[in-house]
Amino acid sequence: MDTVLYEFRTAIRTSNASLLASTITPAPPAHDPGRLYAILRSTNSYSIEADVRYGLMQNNREISLTKARSAAWLDVYIAYYKVVVVLLDAEEKTNQGKLLEADWNRVYEAWKELVTTLIKGFNAGHFEGWTTPCLYVAVRCLREFAIKADEANTRTKGAITFNSGLQDDVVGALDKNDKLEDAARVINRIFGLCISDRASLDESRKWGVYYITNMMFKTYFKLNSISLSKNILRSLNATASDLPNFALFPKSHQVTFNYYVGVVSFLDEDYTRAESHLAAAHRLCPAVPFAHKNRALILTYLIPCRLLTTHVLPTPSLLAPYPGLQQLFGPLSACVRRGDLAGFDAALVAGEADFVKRRIYLTLERGRDVAVRNLFRKVFLAGGFEPVKDGQGGEAERLRRTRIPLAEFAAAVRVGTRADAREGGAGEGGLEQDEVECMLANLIYKNLMKGYISRAHGMVVLSKAGAFPGTGV
Amino acid sequence: MSGAAQGEPNTTKAVVNDAKNGETMKDQQKPAVTLGEDDEFEDFPVEDWAEEDTEDPGANQHLWEESWDDDDTSDDFAKLLKEELRKVDSSKR
């Protein structure tokens, strides 16, 4: 325990937040791999209080903590010791393969005790604003231990038949995510602790708001209650004017926050908002190995998003570093570009399980409109130009044919959906004229195409100034 | 404390341990872990980085392109379409 308290004093004296946070982290630091076992051996549950008290008092002159503050930290380190005891026990049993004996519930409860002690200390004003990163450790591990406890509980429930002697009846009634839901409530309290801090900005817990928010998002996503994220966003919006400028927060907070807001908006079908957040996340996320997976995740949503908002597709060089994304979006993109509707449908079916799992299926399905647009655009291009009239200039002023028979679009749809092959013969195929008109009307309505259908003449009359907005014709 | 976890931030520690569990609980544990872990945004091991670091070395590369394509008239699909349109055209006359 001496080393921990020595580092504690150093951290307090130099206001070193990350060092301070490391002294309550339930994992050994890189330079001291045997730390947790050393703590366990250094004391016992009878003398821990006296030991820590002594360690805090000793040399207190160099850090001059008030009595109340000292007492608050005393509680934290006693709680920390208790965590170490139960954590090492659980880890040992896990490593020995005695999974059912590893008591992660106890670890969770012990850690929650430490977190509660921290919250109390912050509420009472014993801990200064710069120590906020301790809350990051608190929240991060609370979530991790909760997940482990839930996993362990699921496991025991499965094994209850041959191990029922050790279990009490409560376990059976536990929800699958019982601990994680409990953790979410605690994290919510910490969110409140940060956002409501009235101290001046340079000394404020408000700097922790986005980190805690991100942990909240992460927890809600894991719990599959994504809609609850919106409550957090509402509170953030309500206090937006009191928060420091977003760009001043650490980049990791910014990227993660942008990712989650992006995905929440994406699932809400607010693609414009989703795009701006996801694009910001993508821009700020470094292209280094440790961020590789996160970049891939950002792109997983940014790509379908852009297909709908600006109708652009990823280039091979964007996808190249991510074989998974290449597999996910490569075939689909090629079909959109060619206007190959049958290929598009096949790619959608082929990737359905993955698309659904990532919640992008419906969005990609809407991308079919873009494929149809590209197909019809080809019809327009194939139509060539109006005969040049006298007095007209050269190449540049030539007008494309803007009156196109419906039959040509129908033919294109037949090719695009390979209807001929399916129906087993050429000719009218399986597609009704009405269906084609419907597709045309849809595109016109969605502003992917400009013009009108003249049913009386069986013609589509396209705009002379940009029949397919944004595509150069 | 497991050797592999030493010096790693806490998040990776969890993963390491899960992998170990997998050896003994292969049948029921593995799939659940990969599914959950798979699409979760990871905690960055570094809190902050400089503006320069966010510059993608491939930033000069072309990352997004238009979804339509004028040039590709050579592939089978384009040929088929041309063919079909010609048929419609000739049947009119």
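Modeller: A polar contact is a pair of N or O atoms within 3.5 Å; within protein, one must be able to donate a hydrogen and the other to accept it, and residues adjacent in sequence count only if both atoms are side-chain atoms. Between chain B and chain A, 19 residue pairs are in polar contact, both residues being at pLDDT 80 or more. The side of chain B that touches chain A draws at least two residues from each of α1 (10-24), α2 (26-38), β1 (64-66) and α3 (76-92) of chain B. This is a predicted model, in which local features need pLDDT of at least 70, side-chain atom pairs count only at pLDDT 80 or more, and totals for chains, interfaces and linings use all residues. Residues are numbered from 1 along each chain as its sequence is written, chains are lettered from A and ligands numbered from 1 in the order in which they are written, and side-chain values use heavy atoms, with hydrogens and water left out.

Biologist: What makes K218(A) and D43(B) a salt bridge?

Modeller: The rule asks for a side-chain nitrogen of Lys or Arg within 4 Å of a carboxyl oxygen of Asp or Glu. The closest N and O atoms of K218(A) and D43(B) are 2.7 Å apart, so the pair qualifies. Across the interface of chain B and chain A, the rule finds 6 salt bridges.

Biologist: How many residues does each chain bring to the contact, and what area is buried between chain B and chain A?

Modeller: With contact taken as heavy atoms within 4.5 Å, 56 residues come from chain B and 85 residues from chain A. Buried area is the accessible area (1.4 Å probe) that two parts lose on being put together, summed over both. For chain B and chain A this comes to about 6300 Å², with 56% of it on carbon and sulfur atoms.

Biologist: Why is T25(A) called buried?

Modeller: Buried means under 20% relative accessible area, exposed over 50%, and partly exposed in between (1.4 Å probe, protein chains only). T25(A) has 12% relative accessibility and therefore counts as buried. T25(A) is found in the loop between α2 (17-23) and α3 (35-42) of chain A, where helices (H or I, at least four residues) and strands (E, at least two) are DSSP runs, numbered from the N terminus. A polar atom of the T25(A) side chain lies 2.8 Å from the backbone oxygen of A21(A).

Biologist: Which classes do S15(A) and N224(A) fall into?

Modeller: S15(A), at a relative accessible area of 44%, is partly exposed, whereas N224(A), at 58%, counts as exposed. S15(A) has a positive phi near 50° without being a glycine, and N224(A), also not a glycine, has a positive phi of about 65°. S15(A) lies in the loop between α1 (2-14) and α2 of chain A; N224(A) lies in the loop between α11 (209-222) and α12 (229-238) of chain A.

Biologist: How do you know that the span of helix α17 (residues 323-338) of chain A agrees with expectation?

Modeller: The expected span is 1.5 Å times one less than the number of residues. The 16 residues of α17 in chain A should therefore span 22 Å, and the end C-alpha atoms are 22 Å apart, which agrees. F329(A) is among the buried residues of α17(A), as are L325(A) and L328(A).
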